[in-house]
Amino acid sequence: MKDLKYLVAFTIPLTTIISLYFQGYWSYFTPFYAFILLPILELLLPIDTANYSEESVKEKNLNGLFDWMLYLNLPIVYGILLASLILISKNTLETYEFIGIILGVGMVLGSNGINVAHELGHRQTTNERFIGKALLLPSLYMHFYIEHNFGHHLHAATKEDPATARYNQSVYGFWFTSTTRQYIGAWKIQKNLLSRNNQSFLSAYNDMFWYVILQLGYLLTVFLLFGSVGLLFVLGSAIVGFLLLETVNYIEHYGLLRGKTDSRRYERVKENHSWNSNHVVGRMVLYELTRHSDHHFKSNKKYQILEYHEVSPQMPFGYPTSMVLALIPPLWFKIMNKRVPQEMIVMN
């Protein structure tokens, strides 16, 4: 039964379904749940630093239940998106209700869409990667697959990495620098990948071209079926979704930088180059994304067997609470700046 704890991740879409059904002030149930109720639970529930035994790791690594809990997000995300579009096209909603539902659906796209796509994007099977890319589509962030896997994991905790927030950089400034630099970086990475395989940039093998076509096709389909209101809705939800991701990116590596060796190359990524959190609520809701230090240390490990390392810098709160703090820069700096290792502050 303990393996079913990750079903908690489905509480985010559940709150959105409740919002769609009741509307009114219930339209804001998802952000209220994610950024008020979950942080309260994080403060009340204990921190779990335990790791699994070698035998348990082997068992969990082979247990298909953990994979199916990821796959199930595909029909859930698209089902909620379709239900929302039907609702707004057949009902006259108040402006505040429209905004509330955009926020709720956007949070589903970020947590159960992009976050799950991130996990599946590291898998080796084509089918799992396909599901991951399909989950990135509604957030208009399909380039994330290329930039994250071939850029971020290579350059994490360096100034060359768009997804690593600098010391004293606010989350709002980071939103702009990260989104723009990651998109440009994805095109550069794609060009280099094609060049290595002796393939033309202007070819059917350029995945970035396909991502543009698929995303434009998605927007056009929504416009033709649900009109300008539907288009506005999916654009707003997509923005909320990828800004949620970028807020997570912000807190994951804030102020952490890798040193350089005598040969002026960056040291390899270690357990101390990502912020770790063992707060149980965030771990379950985000499929262990909060044990990010181990994920970067060994990116091929599945979420259910990620471990805690004592040398990893620890966040004082879980990810949901930390995301709220990040939105208040003075408070974030006051709490987090003293936790950034002094040698890394100098490098910043």
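Let's start with one residue. Aspartate 48 is partly exposed, because its relative accessible area is 31%, and the partly exposed class runs between under 20% for buried and over 50% for exposed. Keep in mind that this is a predicted model.

What does aspartate 48 form with arginine 283? A salt bridge, with the closest N and O atoms 3.9 Å apart. The cut-off here is within 4 Å. Now look at where the partners sit. Aspartate 48 lies in the loop between α2 and α3, and arginine 283 lies in helix α11, residues 280-285, so the pair ties together parts that are 235 residues apart in sequence. Arginine 283 has 4% relative accessibility, so this residue counts as buried.

How many salt bridges does the structure hold? Eleven. Let me take you to another one. Arginine 123 and aspartate 67 meet through their side chains in a salt bridge, 2.9 Å from N to O. This pair also links distant parts of the chain. Arginine 123 is in the loop between α6 and α7 (126-136), aspartate 67 is in helix α4 (residues 65-71), and they are 56 residues apart.

Are these two buried or exposed? Arginine 123 is buried, because its relative accessible area is 5%. Aspartate 67 stands at 11%, so aspartate 67 counts as buried too.

Arginine 123 has a further partner. It forms a salt bridge with glutamate 119, where the closest N and O atoms are 3.0 Å apart. Both arginine 123 and glutamate 119 are buried.

Now to the surface. Which residues form a nonpolar patch there? Phe32, Ile36, Leu37, Ile40, Leu41, Leu44 and Leu45. Together they have about 590 Å² of accessible area. Take Leucine 45 from that list. You will find leucine 45 in the loop between α2 (29-44) and α3 (54-62). Its relative accessibility is 37%, so leucine 45 counts as partly exposed. Aspartate 48, where we began, lies in that loop between α2 and α3 as well.

Next, the spaces. The largest pocket holds about 330 Å³ of space. It is lined by 15 residues, and the closest to its centre are Gly151, His155, Gly185, Lys188 and Ile189. Two elements give two or more residues to this lining: α8 (144-155) and α9 (171-196). Which element gives the largest share? That is α9, with eight residues.

Then there are cavities. The count comes to four cavities of 30 Å³ or more. The largest cavity has a volume of about 260 Å³. It has 22 lining residues, and the closest to its centre are Ser111, Leu244, Val248, Leu286 and Met323. The elements that give two or more residues to the lining of this cavity are α2, α6 (95-121), α8, α10 (207-253) and α13.

Alanine 157 is not a glycine, yet has a positive phi of about 60°. Its place is in the loop between α8 and α9. At 0% relative accessibility, alanine 157 counts as buried. Asparagine 198 is not a glycine either, and has a positive phi of about 55°. Asparagine 198 lies in the loop between α9 and α10. Here the relative accessible area is 75%, so asparagine 198 is exposed.

Last, the record. In an unreviewed entry, UniProt lists residues 7-26, 65-86, 98-118 and 208-226 under "transmembrane region". How do two of these spans look in the model? Residues 7-26 are 60% helix and 0% strand, with end C-alpha atoms 23 Å apart. Residues 65-86 are 95% helix and 0% strand, with end C-alpha atoms 32 Å apart.

The unreviewed UniProt entry also lists residues 100-317 for "domain: Fatty acid desaturase". That span is 60% helix and 0% strand, and its end C-alpha atoms lie 26 Å apart. Glycine 318 lies in the loop between α12 (292-297) and α13 (319-326). Its relative accessibility is 1%, so glycine 318 counts as buried. From glycine 318 to glycine 100 there are 218 residues in sequence, and 24 Å in space, C-alpha to C-alpha.

Methods. Residues are numbered from 1 along each chain as its sequence is written. This is a predicted model: local features need pLDDT of at least 70, side-chain atom pairs count only at pLDDT 80 or more; totals for chains, interfaces and linings use all residues. Side-chain values use heavy atoms; hydrogens and water are left out. Patches are made of residues with over 30% relative accessible area and no salt bridge: like charges are joined within 9 Å, nonpolar side chains (Val, Leu, Ile, Met, Phe, Trp, Tyr) within 5 Å. Accessible areas come from the Shrake-Rupley method with a 1.4 Å probe; for residues, only the protein chains shown count as cover. Helices (H or I, at least four residues) and strands (E, at least two) are DSSP runs, numbered from the N terminus. Buried means under 20% relative accessible area, exposed over 50%, partly exposed in between (1.4 Å probe, protein chains only). UniProt positions are given in the numbering used here, feature names are shortened, and annotations may be inferred rather than shown by experiment. On a 1 Å grid over the protein atoms alone, a cavity is a set of points where a 1.4 Å probe fits but cannot get out, and a pocket is an open set with protein on both sides within 12 Å along at least five of seven lines; lining residues have an atom within 4 Å of a point. Grid points are joined across faces, edges and corners, and a volume is the space filled by probe spheres set on the points.
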